[in-house]
Amino acid sequence: MSLLEVRNLHVRFDTADGEVHAVRNLSFELDRGETLGVVGESGSGKSQTVLSLIGLLADNGRASGSAMFDGQDLFNLSPGALRSIRGRRISMIFQDPMTSLNPYLTVAEQMVQVVREHDRMTRRAARDRCLEMLEAVKIPDAAERLDCYPHELSGGMRQRVMIAASLLLDPQILVADEPTTALDVTVQAQILELMKDLNRRLGTAIILITHDLGVIAGLCERVIVMHDGELKEQGNVRDVFYRPRHSYTKALLKAVPRLDAEQVERLAPAADSSLLSVDGLKVHFPVRTGGWLGEKRPLRAVDGVNLDLRSGETLGIVGESGCGKSTLARAILRLVPTTAGNVCLLGQSMGDLDKRALREMRRDAQVIFQDPLASLNPRMTVGNIVSEPLRTHFPELGADEVRTRVADVLRRVGLSGRELNRYPHEFSGGQCQRIGIARALVLKPKVIICDEPVSALDVSIQAQIVNLLMDLQAEFGLALIFIAHDLAVVRHISHRIMVMYLGRIMEVASRKALYETPHHPYTRALISAVPIPDPDKERDRDRELLPGDLPSPVDPPSGCRFRTRCRFAQDRCRTEAPQLRQLTDSLVACHRAGEAVLV
Amino acid sequence: MLRYATRRFLGALPTLFILIALAFFLIRVAPGGPFDSEKALLPEVEANLRAAYNLDEPLHQQFARYVWGLAQADFGPSFQYRDYTVTELIMTGFPVSLRLGGMAITLALLVGVTAGSLAALRQNTRTDYAVMSASMTGISIPNFVMAPLLILIFAVYLGWLPAGGLGDGSPRNMVLPVIALALPQIAYISRLTRGSMIEVLRSNFIRTARAQGLPMHKIVLRHALKPALLPVVSYLGPATAAVITGSVVIEQIFGVPGLGRFFVQGALNRDYTLVMGVVVFYGVLIIAFNLLVDLAYAWLDPKVKYS
């Protein structure tokens with residue numbers, strides 16, 4: 001008999017607009033020790049499904065159907081009985097480990113109370129149990145971490161604490177709702193490895209909810225595919241990935257950008273002249289260390305970056321959060337003050353420009369931001385948002401002319417052109433990003449800097465936006481700087497790719513060279529950390545797991561920035577910072593790149 | 001921590017100086033003087049009096065003399081209560097006011113936080129509406145209206161409690177003034193707590209605590225109360241100031257011999273040094289209390305660190 005058997009699950013919400021069906025007629029099973037993946041895009045009902053099982057739906061939600069867990073129907077239990085199952089026999093971890101841990105309590109305080117709620121135990125014994133669990137999830141210096149507050153831990157460490165807290169009472173089911181979505185790819189690899197290991201060692205069944213097919217391919221035995229509150233397909237992971245039956249699954253698998261996809265070489269345009277060049281750019285922010293009136297020290301967000309961009313070319317910039325890629329984008333546009341170095345656009349040095357000339361220059365360099373809804377003013381209509389740049393830079397244009405141009409550009413980005421009088425909140429995330437692109441495009445710029453333009457969007461929408469950007473590039477000869485943490489997306493769109501780590505460039509290469517023969521140990525670790533949505537390949541891969549976390553950019557390691565996490569580091573790496581040097585088709589900043597040991 | 005406290009206090013000195021200067025010159029601008037009375041004094045007598053209290057000196061010299069005295073913790077002699085120094089008067093009045101104000105703030109916190117949390121937990125139910133409309137009433141009725149009403153109901157009609165004065169010093173005498181002083185604060189604090197508690201209960205870490213199987217009362221007490229109290233704590237600064245100004249009126253109405261009464265009497269009699277003394281004393285008190293509030297903040301919120 002299965003451990004959990006869900007039959008005809010319906011989840012409804014009473015809203016001001018009437019009843020909303022979040023989950024419809026869903027049935028599935030989970031065996032002891034099994035790993036089940038639930039995949040779907042936002043709004044597919046995957047989170048509501050598990051929340052309804054443990055009675056954590058929002059107040060206006062109702063669940064019906066049956067959910068037999070070990071002989072009892074979860075929907076027929078008293079609140080008290082359900083509570084004794086929650087946390088003890090079915091436990092859950094959530095997406096964002098910062099907000100999911102209580103910032104006002106130490107790690108020990110929040111873990112001990114879970115143990116003592118369910119088990120009669122002295123405080124001392126409960127604390128020991130917590131320490132044991134922190135060690136089991138491989139937190140370094142676990143004893144000291146017990147008395148830390150969440151904000152004193154890194155993102156990966158917080159998620160480890162969440163996992164440790166959820167496993168304290170040896171539950172039969174661990175529900176993980178997007179456990180790695182908020183984490184960097186190298187940390188994601190660490191956490192997934194840990195979950196795999198715990199499943200093997202403790203025999204805990206895992207329900208993994210995610211939008212990332214690659215994560216499922218690596219971890220799960222069975223998969224449920226959900227769309228619009230309904231189950232579209234379920235089965236063994238290999239059947240679903242290799243022989244998908246439902247058209248939605250097929251579409252989903254096709255939409256995912258994959259690292260192992262065949263490369264259609266994107267030939268860079270003939271190098272006429274450099275459109276944008278950046279030389280020795282540094283951006284340091286003064287930050288206070290050690291409290292309120294502590295010493296001010298520079299946070300080296302960008303610390304000496306050179307780059308060249310030709311017209312019609314796409315330069316991808318990748319790196320983990322905190323590597324300085326967004327700051328670099330802002331510094332190029334002079335949205336943040338630079339500490340040193342120079343940016344040249346169309347042969348004109350931006351350092352010398354006064355306010356007026358800078359505004360002129362910005363006509364040629366536009367930007368698209370990450371969060372599509374938040375970067376549009378909610379009090380302005382779409383027409384006003386898109387026409388604002390036009391009215392600023394071409395005040396002589398008549399109202400009719402402005403309206404025509406705005407409608408044109410809206411049509412060009414795949415909208416109807418009739419949205420002028422509507423507000424941003426009326427649109428979906430993908431549509432909002434199209435509006436953002438229209439706003440950037442309306443001035444016919446030479447360069448568009450895209451700062452994580454698709455990371456807040458669902459997979460199928462991501463593909464549409466990326467393809468739109470590529471079409472626009474071909475049509476207008478745009479040069480793009482495409483910043484992302486998702487290596488598969490960057491690979492899809494870029495001609496050349498630059499890898500950053502702690503404010504410095506680690507490697508620059510054409511996309512073919514970078515993905516086929518990465519030279520820098522960091523590049524290799526990054527690429528190997530990206531999950532591939534292919535169960536066999538994903539499980540056979542040799543992973544280079546990066547240990548630990550990103551060092552603080554206030555206090556970066558001496559010599560090579562990467563050396564503290566590099567398994568090839570030598571004495572020389574500590575004393576001498578490597579310069580970028582040519583190695584076959586790539587520029588690499590590593591003393592040891594090219595040596596045989598690395599291959 | 002100590003360094004931080006010292007620095008904050010030194011930082012408050014300019015504020016204090018401005019306060020002293022304003023009070024000093026404003027009260028002297030007010031018409032009349034300390035020696036006006038029904039029966040006009042002989043000019044020679046008044047001149048002698050003024051000379052005795054240094055009121056014949058130019059203003060700036062008087063000011064310098066006063067500030068110099070303050071620096072040595074000397075508030076000067078009272079003009080009206082001729083046998084007492086201002087320090088002695090403050091010391092007789094303050095303990096009474098402290099008891100009144102302290103009890104009012106404590107009561108306001110206890111009732112306000114409880115009622116607000118309850119309203120948040122039962123959001124949009126009758127309990128919630130009852131608490132919120134009661135607190136709206138509390139905010140809109142000024143204390144000089146509320147106090148006589150309380151006296152009328154509980155002292156005059158029902159005869160449960162004394163109408164005023166300290167009587168034999170039994171706690172019964174304090175009940176009505178404390179309630180009258182606390183009511184508007186209860187109202188503010190319960191509204192504040194309700195809002196922040198609702199916010200906190202929606203946060204992800206509360207969902208985590210529920211998923212861990214903790215019962216609701218423990219979730220509220222252990223997880224939600226501390227963050228929900230942060231806005232209340234920062235309101236305590238203004239709340240003390242409000243209680244102090246409130247006590248001036250309340251002490252007058254209930255005939256409580258506290259500092260507030262000295263203040264009112266002093267202002268009416270143009271007792272320059274007494275008014276100044278109370279102003280400076282309360283000024284220091286409010287600055288010190290705000291510092292305490294900030295330190296309490298650091299204790300509640302681990303992300304705030306002072307050094």
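Me: What is the bridge partner of A:Gly316 in β19(A)?

Reply: In strand β19 (residues 496–501) of chain A, the bridge partner of A:Gly316 is A:Ile497. This is a predicted model, in which local features need pLDDT of at least 70 and side-chain atom pairs count only at pLDDT 80 or more, while totals for chains, interfaces and linings use all residues. Residues are numbered from 1 along each chain as its sequence is written, and side-chain values use heavy atoms, with hydrogens and water left out.

Me: What makes β13(A) and β18(A) a pair?

Reply: Two strands (DSSP runs of E, at least two residues) pair if DSSP finds at least two bridges between them. Strand β13 (residues 314–318) of chain A and strand β18 (residues 479–483) of chain A have four bridges, in the parallel sense, and in β18(A) the partner of A:Leu315 is A:Ile481. With β19(A), too, β13(A) pairs in the parallel sense over four bridges.

Me: Why is β13(A) called largely enclosed by the rest of the structure?

Reply: Five of the five residues of β13(A) are buried, so the strand is largely enclosed; buried means under 20% relative accessible area, with a 1.4 Å probe and protein chains only. In a regular strand the side chains alternate between the two faces of the sheet. Both faces of β13(A) are covered, with A:Thr314, A:Gly316 and A:Val318 buried on one side and A:Leu315 and A:Ile317 buried on the other.

Me: Why does A:Thr35 count as buried?

Reply: A:Thr35, found in strand β3 (residues 35–39) of chain A, has 2% relative accessibility and therefore counts as buried.

Me: Why is α14(A) called roughly perpendicular to α15(A)?

Reply: Helix α14 (residues 382–393) of chain A and helix α15 (residues 399–412) of chain A pack at an angle of about 110°, with their axes 10 Å apart. Angles of 65 to 115 degrees count as roughly perpendicular, so that term applies to α14(A) and α15(A).

Notes. Chains lettered and ligands numbered in written order. Axes fitted to C-alpha atoms, helices over the stretch in contact; angles between N-to-C directions. Parallel < 35°, antiparallel > 145°, perpendicular 65-115°, else oblique. Buried < 20%, exposed > 50% of the residue type's maximum accessible area, 1.4 Å probe, protein only.
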